[in-house]
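Colleague: I would like to learn how to read a model like this one. Please take me through it feature by feature.

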Amino acid sequence: MITHRDRAAWLDWRADPTAHRIGASEVAAVLGLSPWVQPWEIWARRCAPQVAPEHRGAELDDGTRWEPRALAVYAQEHLTAHTWMTTRPHESHTCDRVGWEWLHATPDGAIWEIEPNGREAIVGGAEVKTDRTPDAGEAWPPDGTEIGDVDTSTPVADWPVPVAYWLQAQTQIACTGAQWVDLYVWFPHFAAMPEARRIRVLPHPSFGGVLEEVAAWRERHLVG
């Protein structure tokens, strides 16, 4: 793990043009599967920041507003006597694959437990998402759903969760060594207490092949 002194230092570390780093939230964009960011924008952030667009909007604002409250509710409802959660927004976990230190993840929350040998280890992650689109509840699986061996040939429109979020969760698992990542989805509905659903993403057996594609894109467009 790498801990940064503040958000500005963390952003500088992420955007270091000599390291060519790619974060979990950028993997979908690199693969051309993000509805918000195009692959060239990831290149521009590293190689031509003066032309890289700044993304803001209601969805990001929702996330910033609701995340601390959502994590507090998540911890209260889903942590056990043997687990605890840390929320360190400037702590990065890098992939332990040989030569892949450039791949990193910063989960909204990391869930820890003490192993039989007394060592503290991450067992899961929590990633807060908000969705206030019409009929949002019908588009997401029920609370408590587990998503495991997904058929990656399934059309993106038919995935149980947005493919960008699935890719982010899988990358977080690869970088932290977690056994799962919970997408904790909030549906504000302009209510005092939003509806919330926990959707657990489990490691996908062939996700290493996806990361190989990301590594090839990085080598071609950033390093090269």
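Modeller: Start with helices. Helices (H or I, at least four residues) and strands (E, at least two) are DSSP runs, numbered from the N terminus. The expected span of a helix is 1.5 Å times one less than its number of residues. This is a predicted model: local features need pLDDT of at least 70, side-chain atom pairs count only at pLDDT 80 or more, and totals for chains, interfaces and linings use all residues. Residues are numbered from 1 along each chain as its sequence is written, and side-chain values use heavy atoms, with hydrogens and water left out.

Colleague: How many residues does helix H6 have, and what does it reach from its first C-alpha to its last?

Modeller: H6 covers residues 163-176, which is 14 residues. It reaches 20 Å, close to the 20 Å expected at 1.5 Å a residue.

Colleague: How many of the residues in H6 are buried?

Modeller: Buried means under 20% relative accessible area, exposed over 50%, and partly exposed in between (1.4 Å probe, protein chains only). In H6, 13 of the 14 residues are buried. Gly177 follows H6, with a positive phi near 80 degrees.

Colleague: Which residue has a positive phi although it is not a glycine?

Modeller: Most residues other than glycine have a negative phi. His20 has a positive one, about 55 degrees. Find His20 in the loop between helix H1 (7-15) and strand S2 (22-23). His20 is buried, at 15% relative accessible area.

Colleague: Now the sheets. What is the strand order in the open sheet?

Modeller: Strands of a sheet pair through backbone hydrogen bonds, either parallel or antiparallel. Two strands count as paired if DSSP finds at least two bridges between them. Here six strands run in the order S3-S6-S7-S9-S10-S8, with mixed pairing. Strand S3 (83-86) and strand S8 (146-147) are the edges, each pairing on one side only. Strand S7 (residues 120-130) and strand S9 (residues 180-187) run parallel, joined by seven bridges. Lys129 has Val185 in S9 as its bridge partner.

Colleague: Which strands pair with S4 in the antiparallel sense?

Modeller: Strand S1 (residues 2-3) pairs with strand S4 (residues 91-94) over two bridges. There, Ile2 partners Ser92. S4 also pairs with strand S5 (residues 103-105), again over two bridges. His93 stands opposite Ala105 in S5.

Colleague: Last one: where is Val51 found?

Modeller: Look in the loop between helix H3 (39-47) and helix H4 (58-78). Val51 is partly exposed, at 47% relative accessible area.
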